[in-house]
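Student: I keep meeting labels in structure descriptions. Can we go through where they come from?
Tutor: Gladly. Have a look first.

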Amino acid sequence: MRIAQSNPGHSAPIKGSNVRWRVLSILIAISFFSYVYRYNLSTSGIAVRDELGLSDTELGLVLTVFAWGYMIFQFPGGLFGQLLGSRKAMTIMVTAWGVITLLTGLLPGQEAQSAALIIGELVVLRFLMGVFQAPLFPVLAANVADWFPVSRWALPNGLSSVGATLGAAATPAAVAWLVVEFGWRASFYLTALPTVVLAVLWWWYARDKPSEHSSVHPDELALIMAGRVRQPEQPPLGQLLKQLLKNREVLLLAGSYFCMNWVWYIFFSWLMVYLVDVRGFDIINAGILAAAPWIAGSFGAGLGGETCDRLCKRLGPRWGCRVPAIAGLCISAVMLISGAYAPDPYVAVALLSACYACNQFTEGAYWQATTFVGGRYTAAASGVLNTGGNIAGVIATPMTAVLFQHFGWIVALSTGSLFALIGAGIWLLIRADNPMLAET
């Protein structure tokens with residue numbers, strides 16, 4: 001199977017309907033709230049720890065298991081989305097987020113059960129949250145591939161990252177306010193409510209294919225379907241797994257995404273600590289300044305997606321994806337090390353924000369290339385991609401701590417720059433125009 005490189009996606013706007021953008025807007029909202037459910041326990045952790053009688057080590061264990069569930073179930077989650085379709089899969093996932101969040105708020109305290117049982121229940125709930133969040137971006141990428149024209153997948157995927165980064169920026173302040181005003185349990189009840197709206201809205205409006213949606217105008221459907229060729233018959237599951245896990249392009253993309261996410265996890269795990277311990281900000285100002293990279297990243301993700309789409313139209317998928325990915329990774333490497341050496345703390349925050357913006361500039365290229373390579377198996381291929389990205393979190397988070405404790409923050413951040421450059425180098429080997437399964 002080869003997807004035509006000619007792209008009608010930049011043709012005149014379709015007057016009949018723009019259902020694809022409404023579907024995407026729901027996905028962006030889901031992406032936004034997914035980060036609320038990732039970070040709500042981290043934000044309310046002190047209150048949860050104190051009421052439930054946890055030690056810092058026990059709370060750390062509870063927070064860590066999310067990452068394990070999220071990483072382990074990336075590939076199975078992609079297959080889950082592949083088999084069920086995006087409409088059913090997304091509805092199940094979002095509903096599960098709400099149920100798990102509600103159950104966390106209802107968790108009995110030490111007056112009703114032992115400390116060991118409390119820890120066990122929290123570990124199970126957070127692990128399950130990781131499991132049910134794992135399919136999100138693979139399923140989202142597959143839906144974008146079905147609903148948007150050929151070579152116009154990078155911007156929608158980039159916009160989903162905009163939703164995620166804005167969710168990450170908003171969650172600490174919003175959840176902290178809920179905890180202060182209503183208590184940590186009420187904060188979980190209240191943040192669980194949006195899942196009801198999102199799940200119902202998605203099930204009501206979304207469809208797996210544009211042709212199944214009654215509101216899609218024939219002109220919009222023609223735009224979406226132009227340039228596509230006949231897809232091969234789906235091979236048996238075992239054969240599909242074998243081809244996915246042995247495919248050169250999929251593995252290279254996962255390897256490069258590992259490098260890109262090494263930088264991402266430095267920000268995710270250690271930015272607040274760095275701003276307080278190294279740059280000397282108090283906790284309140286550090287919390288405000290910590291939102292800057294996430295906000296910058298939202299702009300970077302949107303701009304990177306649009307840039308990738310335009311370059312794919314002009315240069316084809318191979319270089320159209322390579323150029324923004326390589327540029328973003330190389331500049332982010334320079335910005336990261338520059339921020340580490342900057343003498344002024346506010347200049348350092350500005351440079352680190354630029355680093356994260358460039359890091360997110362590459363998101364659209366990764367998901368666009370995976371869509372080109374995966375074809376109709378984009379959800380499963382994206383699961384492999386995101387597995388590579390999240391293995392980085394399991395390694396980078398503790399490794400960064402070891403490095404800054406033994407060698408200082410300059411060395412720890414320099415490691416992120418090194419991985420960004422390695423990720424850029426891997427892109428020189430990736431051929432986004434080499435699909436996984438040829439037409440049979």
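Student: At what angle do helix H7 and helix H8 pack?
Tutor: This is a predicted model. In it, H7 (residues 136-147) and H8 (residues 154-182) pack at about 145°. Their axes are 10 Å apart. H7 passes H8 in a right-handed crossing.

Student: Which residues make the contact?
Tutor: From H7 come Phe137, Leu140, Ala141 and Val144. H8 gives Pro156, Asn157, Ser160 and Ala164. To count as contact, heavy atoms must lie within 4.5 Å.

Student: What classes of residue does the contact of H7 with H8 have?
Tutor: It has 6 nonpolar, 2 polar and no charged residues. Ala, Val, Leu, Phe and Pro are among the names that count as nonpolar.

Student: Why is Ala226 called partly exposed?
Tutor: Buried means under 20% relative accessible area, and exposed means over 50%. Ala226 has 26% relative accessibility, so Ala226 counts as partly exposed. Ala226 sits in the loop between helix H10 (218-225) and helix H11 (237-246).

Student: How far is the C-alpha atom of Ala226 from that of Cys330?
Tutor: The separation is 35 Å. Along the chain, the two are 104 residues apart.

Student: What is the volume of the largest pocket?
Tutor: About 1800 Å³. Of its 41 lining residues, Ser42, Thr43, Leu63, Phe268 and Ser269 are the closest to its centre. A lining residue has an atom within 4 Å of a point of the pocket.

Student: Which helix gives the largest share of that lining?
Tutor: H12, with 10 residues. By class, the lining has 28 nonpolar, 10 polar and 3 charged residues.

Note on methods:
Residues are numbered from 1 along each chain as its sequence is written. This is a predicted model: local features need pLDDT of at least 70, side-chain atom pairs count only at pLDDT 80 or more; totals for chains, interfaces and linings use all residues. Side-chain values use heavy atoms; hydrogens and water are left out. Axes are lines fitted to C-alpha atoms, for helices over the stretch in contact, and angles run from 0 to 180 degrees between N-to-C directions. Helices (H or I, at least four residues) and strands (E, at least two) are DSSP runs, numbered from the N terminus. A crossing is left-handed if the near helix is turned anticlockwise from the far one by less than a right angle, and right-handed if clockwise. On a 1 Å grid over the protein atoms alone, a cavity is a set of points where a 1.4 Å probe fits but cannot get out, and a pocket is an open set with protein on both sides within 12 Å along at least five of seven lines; lining residues have an atom within 4 Å of a point. Grid points are joined across faces, edges and corners, and a volume is the space filled by probe spheres set on the points. Buried means under 20% relative accessible area, exposed over 50%, partly exposed in between (1.4 Å probe, protein chains only).
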